[in-house]
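Subject: Model handover

Hi,

Here is the structure I promised you.

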Amino acid sequence: MAAKTKREERKPVVVVDDVHIRYKVFASGKKASGAGIRKGLFSRKLRLREVHAVKGVSFVIHEGESIGVIGTNGSGKSSLMRAIAGLTPVSGGAVFSSARPSLLGVGAVLLPNLTGVKNIILGGLAMGFSRKEINSKLDSIIDFSGLREFIDLPMRTYSSGMSARLRFSIAASRDHDILIVDEALAVGDQEFRNRSEARMREMRDKAGTLFLVSHSMKSILDTCTRVIWIEKGELLMDGEPLEVVNAYNKFVGSDTID
Amino acid sequence: MGLADYAREHGLKRVGARPSLSQYIAQAWERRDFAVTFSVFSTEAANARNRLGRWWLILLPTIQAVIYGLIFGFILGDSRPDNFVPFLFTGVFLFSFFSNSLLMGAGSITGNSGLVKSLHFPRMLLPLSAVIRQFINLLPQIGLLILALLIFGQEVTFDWLALIPILLLMFCFATGLALVSARLTVHIQDLSKLIPFVTRVAFYVSGIFFSVDKVLGDYPVLLSIMKFNPIYDFIELARGALVNGYQMTPFLWWACICWSIGLLIFGLVFFWKVEERYGRED
């Protein structure tokens, strides 16, 4: 591949070397058979089941690239991203990086019983801001989130879109060398999505590296310079955005890009 | 050339690699603001939904002490230790600090999974902030204790100042306790079910409401084993500082210093050893 030799000269920022991720989970004895449901509390057989979520993925990311990560649900994208961020330990292989990657994912709110403001303060402190810095940024973070009206309510009262807004705003208040956005914007409305994508591009242009996991091929094509397609825990394709997205669309059977 | 060598050649570091212990502690110290703020906010949030709000910080231990005072005062009759009320209050309040640190420490990683899974920071800040939170709870209780001492006509002496280093040592000990229980519950969730029994047993064997010397007077072997029980040592030392008729013996000082520093160091190392593991779901 011609593109690859050109990349080789640039400085690598993330190296994923033959990464495997296995989860051990307690699963009930039978796979989704109706009989299992009727069993009593004590007769349920607990069995350790191993899920091999990522099976030997390798790639090298160079400075200034922004990578779209696509794949069907349950293909191992999020597991891989969490491993790159160092939040999930790998079972085999290793991830190397020039700076600690930050992950912005969907999922639980930070601290459901605390108000939005307090979540901003704690999130900022955990990211390494001093109390003074976070106080001076507080206003701009609230403005970015567009949640000023609700900022004094406990986060458990937020809708999923609102908490996604708040979490993105907290994370985006800092410049990250390597930022991983894992479907964090999927629940946001179009207005916020536009604003966040603009912010991500801005970060990318400041020599930051961006991973964007998304099911919106439009977002991927707008923001990314390279696309990685993960399927069933394996790296299926890695290359030019349009090429990979077209192949993926053919695979899932959709003929429009949206 | 393998990818790993290629990465190292360009100065990349392995992600998630556990920092050295000294680096780890330095990182935690840098973010101490987080630990303190987190404990203050969670204390507020815990009481926010109650009508009496933060008054519960004082009401709860008072009710507890009154109930224990009535029940044990009645049951024990004449075999009550000297200066029973200050004796009991010291025991109950300090004990609840230790038992809550153990309990909250145990849930500090498993109970904050949202935080652990979305942000990276030295995980020891979570058990640490659980202990800070208990310490914040302890302070009004100390005030209450001092009030009780005055009401029951205890002399105010310079010995009372010894409470400051004692509280400091207790903080170190409780932090060690929380670090150990935080890691253990991550490995074995079931332990959180057993902790209430552990604290119950500790309550009955640490001389909270009875004088160990009187009760175990006839069993010298048991008595000398008991003297190494850290909870007993801390409470007895605090009684020595505050309550008439009790002494801060050098043995108690040494026992408390050794326990607190020893357990803190052990807890730090024990917790740090599996830093990479926290946040994994299995």
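**What I found**

A:Asp18 counts as partly exposed because 15 C-beta neighbours lie inside 10 Å; the cut-offs are 20 or more other C-beta atoms within 10 Å for buried, 12 or fewer for exposed, and partly exposed in between, with C-beta atoms placed from the backbone. This is a predicted model, so local features need pLDDT of at least 70 and side-chain atom pairs count only at pLDDT 80 or more, while totals for chains, interfaces and linings use all residues. As for labels, residues are numbered from 1 along each chain as its sequence is written, and chains are lettered from A and ligands numbered from 1 in the order in which they are written.

Back to A:Asp18: the residue has a positive phi of about 45° despite not being a glycine, and it sits in strand β1 (residues 12–28) of chain A. Helices (H or I, at least four residues) and strands (E, at least two) are DSSP runs, numbered from the N terminus. For context, most residues other than glycine have a negative phi.

The other one to look at is A:Lys232, again not a glycine, with a positive phi of about 50°. You'll find A:Lys232 in the loop between β8 (226–231) and β9 (234–239) of chain A. With 14 other C-beta atoms within 10 Å, A:Lys232 is partly exposed. The hairpin of β8(A) and β9(A) has two residues between the strands. Those strands run antiparallel and are joined by five bridges; a pair of strands needs at least two DSSP bridges to count as paired. A:Glu231 has A:Glu234 in β9(A) as its bridge partner.

Chain A has nine helices and nine strands, and 43% of its 258 residues count as buried. Taking contacts in chain A with a separation of 6 or more, 72% are between residues 24 or more positions apart; a contact means C-beta atoms, placed from the backbone, within 7 Å.

The largest nonpolar core has 140 residues, and A:Ile84 and A:Val181 touch the most other members. Helix α5 (residues 84–110) of chain B gives this core its largest share, 14 residues. By nonpolar core I mean buried Ala, Val, Leu, Ile, Met, Phe, Trp, Tyr and Cys residues joined through C-beta atoms within 7 Å. Beyond its neighbours within four places in sequence, A:Ile84 contacts A:Val14, A:Val16, A:Val95, A:Pro101, A:Ile180 and B:Val15.

**Where A meets B**

Chain A puts 40 residues into the contact and chain B 31 residues. On the chain A side, β1, β2 (46–62), β4 (92–97), β5 (102–105) and α4 (116–126) each supply at least two residues. That side divides into 23 nonpolar, 11 polar and six charged residues; here Ala, Val, Leu, Ile, Met, Phe, Trp, Tyr, Cys and Pro are nonpolar, Asp, Glu, Lys and Arg charged, and the others, Gly among them, polar.

Is B:Gly16 buried or exposed? It is buried, because 24 other C-beta atoms lie within 10 Å. Leaving out neighbours within four places in sequence, B:Gly16 contacts A:Gly86, A:Pro89 and B:Glu276.

Cheers

Conventions
Two residues are in contact if their C-beta atoms, placed from the backbone, lie within 7 Å.
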